Amino acid sequence: MLKKLIRLNADDLLLCGGVIGGVFLLLHIITAVAVRLSGEGSSLLLSGILLPITAGILILFVSASHVAVTFDQALRFGQTRCRALGLSLGVAGFEALFAMGLAVLLAWLERLFAPHFWLWLSGREYIVMDEIPPIPVTGWSAGEAALRAHQLFIEDFTLDWWWFLLIALGCMALGIIIGAMIQRFGGKSLWVFWAVWMLVCFSPQLLPWKQYTIVDWLFPLLGLMTLGALAWSVWSLLHAVVKS
C-alpha cells in the first residue's frame, strides 16, 4: 500500500525535484555570469545553505498535505486510524528523504565541480578557499599584485551535516502539526498559527528574561513546544473523526 501511495504521489517528487533543481540551476547561472563579468576574482558556495532551506520548506508543505489530505482519504477507504497515519507519514518521510537527499547531492556536486568551473570562467590560475578577497592596496608590490590577480577566492557557506538532518526532521514535525491542526479544526486553526507567531515575535520584549540571550531560552522553549504539539498531533490523528 505504501508503494502504491508513493506512485500515486509521484507528482510531489517531480515538484520537489523541480523546485530544488531550479533553485540550484538559477543560483549557478547568476554566479557564473557574476564570475565571468565582474572581474572581482571571488565567488561563493551557497548551495549548502540555500538548498536545505528550500528542501525544508517543501518538506513542511508535503508533510502537512499528507497529514491533512492523505490521512482523511485513507480513513474514508476503510483504513484504521493507526494504519492511515502510518501510511501518511511513510509517504511524507519518503518525500522528505528525497528532497533533502537531492539537496545534499547537489551541494556535494557544487563543491566538487563548481570551483574549477569558476576558475576557468574567471581566467585565473589558483583557487583560495575560505578567504575573503583582499581590498586592493596601492602599496602592494608588483609581485604581490600579480599574485592576487591570479587567485580566485571562494567562500564556503555550507551548513554542517547535522543541520540537513535537523532541518528535515524539524520541518516534517511542523508539517505534521499543521496538518493535524487543519484536520481537527479546519480553517479555525489559522488563528492558532497566528497566535503562536505573535508569541514568538513579541515574547522577547514581554518576558522578564533580559539577562539571558535568545539562544538560552527561546530555542529550548520552541523545542519543547514543538515536541508537545507533535505529541498532541499524533493523539489527535489517532482519535480523528471520519469526515463524510
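Modeller: Happy to! Let's begin with the second largest pocket, whose lining has six nonpolar, four polar and one charged residues. Keep in mind as we go that this is a predicted model. The space in this second largest pocket comes to about 220 Å³. To find it, look for its lining residues: Met-1, Lys-4, Leu-5, Leu-8 and Asn-9, then Thr-70, Gln-73, Ala-74, Phe-77 and Gln-79, and also Leu-87. Two elements give two or more residues each to that lining, namely α1 (2-8) and α3.

Now for the largest pocket. Its volume is about 1200 Å³, and 29 residues line it. If you want to find its centre, the lining residues that lie nearest to it are Gly-170, Leu-174, Leu-222, Gly-223 and Thr-226. Here the elements that give two or more residues to the lining are α3, α6 (161-185), α7 (189-206) and α8 (214-238). Of these, α6 gives the most, with 11 residues. What kinds of residue line this largest pocket? They divide into 25 nonpolar, four polar and no charged.

Helix α3 covers residues 47-76, and its partner here is helix α4, residues 81-122. The axes of the two come within 8 Å and cross at roughly 165 degrees. An angle over 145 degrees counts as roughly antiparallel, and therefore α3 and α4 are roughly antiparallel to each other. The crossing of α3 and α4 is right-handed. Sorted by class, the residues in the contact of α3 with α4 are 20 nonpolar, seven polar and three charged.

Ala-34 lies in helix α2, which covers residues 10-38. Is Ala-34 buried, exposed or partly exposed? Its relative accessibility is 38%, so Ala-34 counts as partly exposed; that class sits between buried, under 20%, and exposed, over 50%.

Terms used: Residues are numbered from 1 along each chain as its sequence is written. This is a predicted model: local features need pLDDT of at least 70, side-chain atom pairs count only at pLDDT 80 or more; totals for chains, interfaces and linings use all residues. Side-chain values use heavy atoms; hydrogens and water are left out. Axes are lines fitted to C-alpha atoms, for helices over the stretch in contact, and angles run from 0 to 180 degrees between N-to-C directions. Helices (H or I, at least four residues) and strands (E, at least two) are DSSP runs, numbered from the N terminus. Angles under 35 degrees count as roughly parallel, over 145 as roughly antiparallel, 65 to 115 as roughly perpendicular and the rest as oblique. A crossing is left-handed if the near helix is turned anticlockwise from the far one by less than a right angle, and right-handed if clockwise. Ala, Val, Leu, Ile, Met, Phe, Trp, Tyr, Cys and Pro count as nonpolar, Asp, Glu, Lys and Arg as charged, and the others, Gly among them, as polar. On a 1 Å grid over the protein atoms alone, a cavity is a set of points where a 1.4 Å probe fits but cannot get out, and a pocket is an open set with protein on both sides within 12 Å along at least five of seven lines; lining residues have an atom within 4 Å of a point. Grid points are joined across faces, edges and corners, and a volume is the space filled by probe spheres set on the points. Buried means under 20% relative accessible area, exposed over 50%, partly exposed in between (1.4 Å probe, protein chains only).
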